[in-house]
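Hello,

Here is the structure for you to look through. My notes on it follow below.

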Amino acid sequence: MGHPGSERVRPFAALLAAHYSVRLPDSLKRFCPPSLTLLARTYVDSVDAVQQAARVLMDGTLRRMPLATQEQLIQAWSPRVLRAAGATSGDNANTNTASAAQLEIHSPAGIAVLVVSLLACKFGHALTPDVTRTLAEVWVRMLGAPLDTHRRLAGEMVGMGFHLWEPTVGAQAGRLIKQLFGLMAATAGLHVHGGHAGALRGAGRLSLGLGGNPYLGALISIGSCQPALFAALMGDVAVQLDIDATRRSAAIVTLVSLIRAKSSLARDMPAIVEAILRPLDPSLPKLREGCLQAGTLALRELVKRYPMAAFHQTSQKLGIGTVTGVVLIYDLRTATKWRILQGHNGAVSAVAFAAGGDLVASFSAADSTLRWWQAGSSTFFGYFGLHGHCHKVLNVDVPDDEEDADASASSCSTAAAAGGGSGGAAGGPMPNVGAVARGAGMQLEWTSPSTVMLLGRTGKPLGFYTL
């Protein structure tokens, strides 16, 4: 087969080692686990098979390690981690940040950085503030390493542990998002699959040729923590006329990935919608044409996943219920905010257009009211200008079982919100988490030109209400 160290043999040897090292520990009482130092040194091997084998072995070795041993390892290697701060500072005149970052992985300090990061990110071990800060700085600096394998590892670790690194790098999150997007775009190919972009229901599929691209994962991790900032920056990229159209579309498709990955974007829905609409301005036809299909897909995902988002095909109107109690109507033909419907005293849970598009119904579990709004372009509606007219308000009793489910959802989402997120759409105080979760999953459906049906989280009809 050739020399044991040859490039042709190494992939087979790596796969064989991974196979037996995963299976043997359970069958051999005196199994000796592989060296963490050796595994860390091959974690970014240039041969993919070797790298994958090292990662499988590293994960298995750490998982089989008792928690007490993991804690001891963190304590023993933390001084090495702190030494990495000096190694990547760039203060030495004979080195620079990029080359130092490259060398870190194979040094004792670099091995400690990798292993301690994995233990903290994957197993939830607490780290001291100075160790956490050092790890965050090392991984962010390593994004500028000259070797692609090191940059990819840095992207992977920034994404995996951003909930830990955010206190250190949160102030520079905007710069970090831009850097990660640049790295992602340099390795991505945008593929468009057939479909009619003008209709949300019939939108074609777009996908980034990312595979397991770590930069996208890091972007989504940051976007999940700071959705409004992330949306604003992706919107900025999407309207840059001096860059390639593929990169502009990639910014919107990245928002699609965030929509699919984040459990709830209700608080930041207006910011996300406005970022998607920015490149769809009809006064810039070249810009609109390049981003129309990506924007259509993004809006379609919002409508599919959130009952407080609704779309009317014929009129090309998009309705968004906000956590502040306002219903926003956007005209997709002009990519502008068309109407502002104010009246609810709490987060809007569900929005639905009537078949003709002339009426909009909205429900808020927070204030237990159902409202009917004029949504057409009649002269009567035009009298009210940007602020719309409410035809009727009806108090609705939410069943006890729905109340209990909402309370549970509120409890589950509080921890996620406490981990750090953006404020409200207008930059004000963050809405109460319970108010956002209350009514989550409830839907409205028009059953006749004047009647709507309220459905619970499980799809069970809760009542019929007539204008």
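Which residue in S13 does Met453 stand opposite? Met453 stands opposite Phe464. Before the rest, note that this is a predicted model, where local features need pLDDT of at least 70 and side-chain atom pairs count only at pLDDT 80 or more, while totals for chains, interfaces and linings use all residues. Residues are numbered from 1 along each chain as its sequence is written, and side-chain values use heavy atoms, without hydrogens and water.

The sheet: helices (H or I, at least four residues) and strands (E, at least two) are DSSP runs, numbered from the N terminus. Strands pair if DSSP finds at least two bridges between them. An open sheet is formed by three antiparallel strands in the order S11-S12-S13. Strand S11 (443–448) and strand S13 (461–466) are the edges, each pairing on one side only. Strand S12 (residues 451–455) pairs with S13 over five bridges.

A helix pair: Met157, Val158, Gly159 and Met160 in H8 meet Phe162, His163 and Trp165 in H9. Counting Ala, Val, Leu, Ile, Met, Phe, Trp, Tyr, Cys and Pro as nonpolar, Asp, Glu, Lys and Arg as charged, and the others, Gly among them, as polar, the residues of this contact divide into five nonpolar, two polar and no charged.

Regards

How values were computed. Contact means heavy atoms within 4.5 Å.
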